[in-house]
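Visitor: I would like to learn how to read this model, feature by feature. Please give me the general idea each time, then the case at hand.

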Amino acid sequence: EVLKKYPNTLIQIVGHTDNRGTYEYNQVLSEKRAENVGNTIYNSGIKNQVFSKGCSFNKPLVENNSQDNMSLNRRVEIYLYAKSELVVDPCLKN
C-alpha cells in the first residue's frame, strides 16, 4: 500500500550469498535471487521502478563459520529511495 501511495519511490533489491563456491558462481546466484524478488514485486502490480543487484558474498551479516550463520548470509535486502541521487551501492564494504 505504501509503494502504491508513493509510485516515484525507487526500489532496489539486493541478493547475498554465503561464501561456499566461487565468487563468480555466487555473483550469478545473488543476482538471480534479487531478480526473483524484484520480479515478484513488479508482477504484484507495483508501478515503481525496481532495480536488482547481486553482491555475491561481499557483505556477510555474520562470519560464515557455521550452517546457521551461512543461512543468515543467504538473503535478499530491499532498499527504498525517494530519488535516484540517494541510491548507494549496497555491495561496497563499510
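**Reading the rings, the sheet and the core**

Guide: Tyrosine 79 is partly exposed, with a relative accessible area of 27%. Buried means under 20% relative accessible area, exposed over 50%, and partly exposed in between (1.4 Å probe, protein chains only). The model is predicted: local features need pLDDT of at least 70, side-chain atom pairs count only at pLDDT 80 or more, and totals for chains, interfaces and linings use all residues. Residues are numbered from 1 along each chain as its sequence is written, and side-chain values use heavy atoms, with hydrogens and water left out.

Visitor: How many aromatic pairs does the structure hold?

Guide: Rings of Phe, Tyr and Trp (its six-membered ring) pair if their centres lie within 6.5 Å; planes under 30 degrees apart count as stacked, over 60 as edge-to-face and the rest as tilted. The structure holds two such pairs. In one, the rings of tyrosine 23 and phenylalanine 57 have centres 5.4 Å apart and planes at 90°, so this pair is edge-to-face. It links distant parts of the chain, 34 residues apart: tyrosine 23 lies in helix H2, phenylalanine 57 in the loop between E2 and helix H3 (67–73). Helices (H or I, at least four residues) and strands (E, at least two) are DSSP runs, numbered from the N terminus.

Visitor: Which way do the strands joined to E1 run?

Guide: E1 and E3 (residues 76–81) run antiparallel, joined by six bridges. Isoleucine 13 stands opposite isoleucine 78 there. E1 and E2 (residues 50–54) run parallel, with five bridges. Valine 14 stands opposite lysine 53 in E2, and glycine 15 has glycine 54 as its bridge partner.

Visitor: Which residues point each way from E1?

Guide: Leu10, Gln12 and Val14 point one way, and Ile11, Ile13 and Gly15 the other; all are buried.

Visitor: Which residues make up the largest nonpolar core?

Guide: A nonpolar core is a set of buried Ala, Val, Leu, Ile, Met, Phe, Trp, Tyr and Cys residues joined through side-chain atoms within 4.5 Å. The largest has six: Leu3, Ile11, Ile13, Ala34, Ile41 and Ile46. E1 and H2 are the elements that give two or more residues to this core.

Visitor: Where is histidine 16 found?

Guide: Histidine 16 sits in the loop between E1 and H2. It is buried, with a relative accessible area of 1%.

Terms used. Two strands pair if DSSP finds at least two bridges between them.
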